[in-house]
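I record what I looked up and the criteria applied.

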Amino acid sequence: MKLALEQITHHYAGLPVLEDISLSIPAGEILCIIGPSGCGKSTLLRLIGGLERPDFGQVLQLGEPPEGCLNPLTYVFQDFALLPWRSVGGNISLVLEDHGIRGRQADEIIEDVLARTKLSDFRKALPRQLSGGMKQRVAIARALAVKPAVMLLDEPLSALDAQTRELLMDDLLALWTRQPFSGVYVTHNLAEAVRLGHRIAVLSRRPGKVREIIEIDLPLEERHHGHARLDEVQAHLWSLMKQEAMAADQELLDV
Amino acid sequence: MSDATLARSGQVPTRKVAFRGGGFRPVAKRGIGFVVFVALLLVIEWGTRAGWIGNLTLPRPSDVGQTLWALAESGQLWVHMQPSLTRLVVGSLLGVSLGVAVGVLIGLFSYARAGLVPLVAALFPIPKIALLPLFVIWFGIDEASKYALIALGTFTPTVVSTYGAVDNVDRTLIRMGQSFGLTWWSIVRKIVVPGALPGILSGLRVSLAIGIILLVAAEMLGAEYGIGAYILQAGSLYDLEKLFAGVVILSALGVLTSSGIGLIERRLLRWRA
Ligand SMILES: Nc1ncnc2c1ncn2[C@@H]1O[C@H](COP(=O)(O)OP(=O)(O)OP(=O)(O)O)[C@@H](O)[C@H]1O
Ligand SMILES: [Mg+2]
């Protein structure tokens with residue numbers, strides 16, 4: 001299943017947030033979206049997943065979602081969005097219950113996704129007993145449980161400390177290598193973008209437009225720290241972002 | 001040599017950093033409430049025996065205790081308690097369950113909010129006791145009008161606390177539910193109501209206290225049996241021991257409902273830190 005965004009334009013109460021965004025998300029690829037703060041990245045992700053309606057343009061789903069997919073477009077939120085009154089297992093079964101998956105069948109899925117996110121021992125724990133990194137792994141496990149066609153991740157690592165971020169990034173890479181999924185990954189962090197993105201879309205300052213799309217033709221499993229090609233891309237991204245940030249500053253001064 | 005000793009060996013004035021944190025975080029201290037209560041009773045007992053509290057000012061606690069005991073032994077206590085408890089339970093069950101339902105509706109639907117919030121605001125400040133004659137006309141002189149009075153009295157505060165609690169449910173959790181394709185009903189049952197439960201339960205304490213107040217008021221205006229009727233009788237005869245015995249029963253009822261809710265909170269809200 002592919003996703004295509006066609007000329008998406010969006011306003012909030014007269015404030016233009018996104019302008020004429022066209023992007024495609026092929027199956028099995030991760031598209032990273034970066035851009036200055038407030039340029040509409042989160043808004044774009046909400047539009048892609050159908051949590052909001054664009055003023056103009058449309059999001060198209062090309063082809064059928066794969067067999068057994070319960071929720072084609074599935075989010076992983078920055079602040080985890082776990083129900084504090086449900087255990088780890090309960091938070092995952094929450095998204096299965098409405099599809100009529102209960103009992104043994106649900107148990108098998110929960111066991112499987114917890115094993116894949118290395119959380120098998122914490123099935124009975126409550127969210128408040130977990131560290132930030134573990135909470136986000138629970139949220140990822142929950143997303144995996146519905147076998148999504150496209151994962152929509154909004155700064156999933158931003159609420160975590162640097163070390164945890166590294167570890168979770170490795171986990172994400174390992175998950176993808178074991179079973180490639182399509183994804184849209186919004187981030188502020190250029191290093192994350194070059195580690196995980198097959199393509200990187202750079203948005204301009206608000207109103208967000210696609211400024212450049214950079215393709216990195218290096219397989220994810222070959223991307224290591226200090227790889228020359230990655231450093232080169234990251235430096236290029238940084239110069240783009242710096243221009244945007246400086247231009248945004250200038251605008252404020254002009255007002 | 002460590003940094004700390006290094007710092008001390010120099011000839012500089014050295015002071016310990018004064019502690020200025022702490023406080024603002026009451027914790028439950030078991031038994032303190034009981035001690036305060038007993039101490040107060042002992043002081044009154046002492047005062048009435050020593051004479052610096054006149055026996056028309058306050059009755060002697062031990063006399064009140066004897067009156068209570070006699071009431072219990074004669075079986076009269078139950079004769080008064082049973083109808084009172086029934087009224088309180090039936091009335092507040094009606095009021096609270098309706099109140100929670102309406103509160104959730106106001107919390108979820110714009111039209112319900114626009115239409116009902118002003119109505120609730122208009123109903124809330126009316127002293128419900130003033131409406132009892134009206135209720136007697138509508139529902140008759142016996143039980144139904146008392147149920148209605150208690151129900152109305154517990155309904156309004158429950159509505160207000162419930163929709164406040166629903167408003168405070170984390171919207172990102174609701175978006176999460178929608179993003180996983182949960183049905184509307186599932187989101188309400190599994191996300192909105194559990195998320196609002198802490199607020200609903202703390203509102204319930206207020207509602208039930210109001211329920212007890214109205215129970216007594218209703219019974220004073222027309223009941224043969226019941227704690228309110230008992231207190232009214234005692235009051236009109238200036239029998240202070242009996243009056244206070246009735247008041248003690250009411251307070252006990254208040255403490256009982258409050259600790260009942262505390263028990264429910266500890267069971268249902270274990271997920272909170
Ligand atoms: N629901 C809303 N109503 C009104 N304005 C909104 C709403 N959501 C976002 N905005 C505004 O739209 C703009 C883009 O917001 P958005 O959250 O999409 O930016 P972002 O790129 O994700 O920013 P950040 O990098 O800080 O996460 C901001 O100026 C924000 O104030
Ligand atoms: Mg954002």
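**Entry 1: the interface.** I looked up the area buried between chain A and chain B and found about 1,800 Å², of which carbon and sulfur atoms give 68%. Buried area is the accessible area, taken with a 1.4 Å probe, that two parts lose on being put together, summed over both. On the side of chain A, A:Trp85, A:Asp98 and A:Arg128 lose the most area to chain B, together 35% of what that side buries.

I note that this is a predicted model, in which local features need pLDDT of at least 70 and side-chain atom pairs count only at pLDDT 80 or more, while totals for chains, interfaces and linings use all residues. Residues are numbered from 1 along each chain as its sequence is written, chains are lettered from A and ligands numbered from 1 in the order in which they are written, and side-chain values use heavy atoms, with hydrogens and water left out.

I then listed contacts (heavy atoms within 4.5 Å): 23 residues of chain A touch 19 residues of chain B.

Entry 2: I searched the interface for salt bridges, defined as a side-chain nitrogen of Lys or Arg within 4 Å of a carboxyl oxygen of Asp or Glu. The rule finds 2 between chain A and chain B. One of them joins B:Lys190 to A:Asp98, with the closest N and O atoms 3.4 Å apart.

Which elements of chain A supply at least two residues each to the side that touches chain B? I found strand 5 (73-76), helix 2 (88-97) and helix 4 (132-145). Helices (H or I, at least four residues) and strands (E, at least two) are DSSP runs, numbered from the N terminus.

**Entry 3: the sheet of 6 strands.** I traced an open, mixed sheet in chain A with the order 5-6-7-3-8-9; two strands pair if DSSP finds at least two bridges between them. Strand 5 and strand 9 (210-215) of chain A are at the edges with a single partner strand each, so one side of each lacks a neighbour in the sheet. Strand 5 runs parallel to strand 6 (residues 150-154) of chain A over 4 bridges, and A:Leu73 has A:Val150 as its bridge partner.

**Entry 4: the sheet of 3 strands.** I also found an open antiparallel sheet in chain A, in the order 2-1-4. Its edge strands are strand 2 (15-25) and strand 4 (56-62), each pairing on one side only. Strand 1 (residues 2-12) is joined to strand 2 by 7 bridges, and A:Leu3 has A:Ile25 as its bridge partner.
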